[in-house]
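The following questions and answers examine a single protein chain. Please consult the sequence and the model while reading.

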Amino acid sequence: EFDNYDQARLDLKKKMPPGEKGGHEHIHCSLKKIDSGIDLRDPSESNDSRHLTISAHYYFDGDPQKTFRYRIYSFQPQSTYSKKKNAMMCI
């Protein structure tokens with residue numbers, strides 16, 4: 001879990017509201033490990049089955065009903081990727 005409530009509150013105390021004044025919006029991110037049911041491994045690479053898939057739900061003001069982004073990330077050991085690929089993929 002990530003929540004920047006304290007950072008956003010401090011910015012408001014400094015009279016720095018979000019937006020042009022440079023303050024931070026109150027953002028929360030909830031991470032959950034998921035079994036995607038999808039094999040995201042590159043078939044031309046190693047048969048290494050170690051990978052982790054997580055969902056990331058980003059929302060405003062600590063309210064899950066105020067979603068502004070939902071992402072799924074897949075992580076694999078870097079040794080299973082060619083040098084041209086990143087160790088993290090965002091889909």
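Buried means under 20% relative accessible area, exposed means over 50%, and partly exposed lies in between (1.4 Å probe, protein chains only). This is a predicted model, in which local features need pLDDT of at least 70, side-chain atom pairs count only at pLDDT 80 or more, and totals for chains, interfaces and linings use all residues. Residues are numbered from 1 along each chain as its sequence is written, and side-chain values use heavy atoms, with hydrogens and water left out.

Q: What percentage of the 91 residues in the protein chain do buried residues make up?
A: The protein chain exposes about 6900 Å², of which carbon and sulfur atoms supply 52%; accessible areas come from the Shrake-Rupley method with a 1.4 Å probe, and for residues only the protein chains shown count as cover. Of the 91 residues, the buried share is 24%.

Q: What is the mean pLDDT of the protein chain?
A: The pLDDT is the predictor's confidence in each residue, from 0 to 100. In this chain 68% of the residues reach 70 or more, and the mean is 80. Over residues 82-91 the pLDDT is below 50, and beyond near neighbours in sequence this stretch has 20 contacts in the model; contact means heavy atoms within 4.5 Å. The mean for the protein chain remains 80.

Q: Which pattern does the protein chain follow along the sequence?
A: Helices (H or I, at least four residues) and strands (E, at least two) are DSSP runs, numbered from the N terminus. The chain has 1 helix and 5 strands. Read along the sequence, their order is β-α-β-β-β-β.

Q: Over how many bridges do S2 and S3 pair?
A: Two strands pair if DSSP finds at least two bridges between them. Strand S1 (residues 2-3) and S2 meet this criterion in the antiparallel sense with 2 bridges, and Asp-3 stands opposite His-28 in S2. His-28 also has Tyr-59 as its bridge partner in S3. For the antiparallel pair S2 and S3, the number of bridges is 8.

Q: Which residue in S4 is the bridge partner of Leu-52?
A: S3 and strand S4 (residues 67-75) pair in the antiparallel sense over 8 bridges. The two strands form a hairpin with 6 residues between them. Within S4, the partner of Leu-52 is Phe-75.

Q: With which side chain does the side chain of His-26 make a polar contact?
A: His-26 is placed in the loop between helix H1 (5-13) and strand S2 (27-34), and counts as buried because its relative accessibility is 14%. Not counting residues up to four places away in sequence, His-26 touches Asp-3, Asn-4, Tyr-5, Ala-8, Tyr-59, Phe-60, Asp-61 and Gly-62. A polar contact is a pair of N or O atoms within 3.5 Å; within protein, one must be able to donate a hydrogen and the other to accept it, and residues adjacent in sequence count only if both atoms are side-chain atoms. At 2.8 Å, the side-chain partner of His-26 is Asp-3.

Q: What is the length of the polar contact that joins the side chains of Ser-30 and Glu-1?
A: Ser-30 is found in strand S2 and is buried, because its relative accessible area is 11%. Leaving aside neighbours within four places in sequence, Ser-30 is in contact with Glu-1, Ser-55, Ala-56, His-57 and Tyr-59. The polar contact between the side chains of Ser-30 and Glu-1 is 3.0 Å.

Q: Is Lys-15 buried or exposed?
A: Most residues other than glycine have a negative phi. Lys-15, although not a glycine, has a positive phi of about 60 degrees, and its place is in the loop between H1 and S2. Because its relative accessibility is 71%, Lys-15 counts as exposed.

Q: What is the relative accessible area of Asp-61?
A: Asp-61 lies in the loop between S3 and S4. Although not a glycine, Asp-61 has a positive phi of about 55 degrees. Asp-61 is partly exposed because its relative accessible area is 45%.
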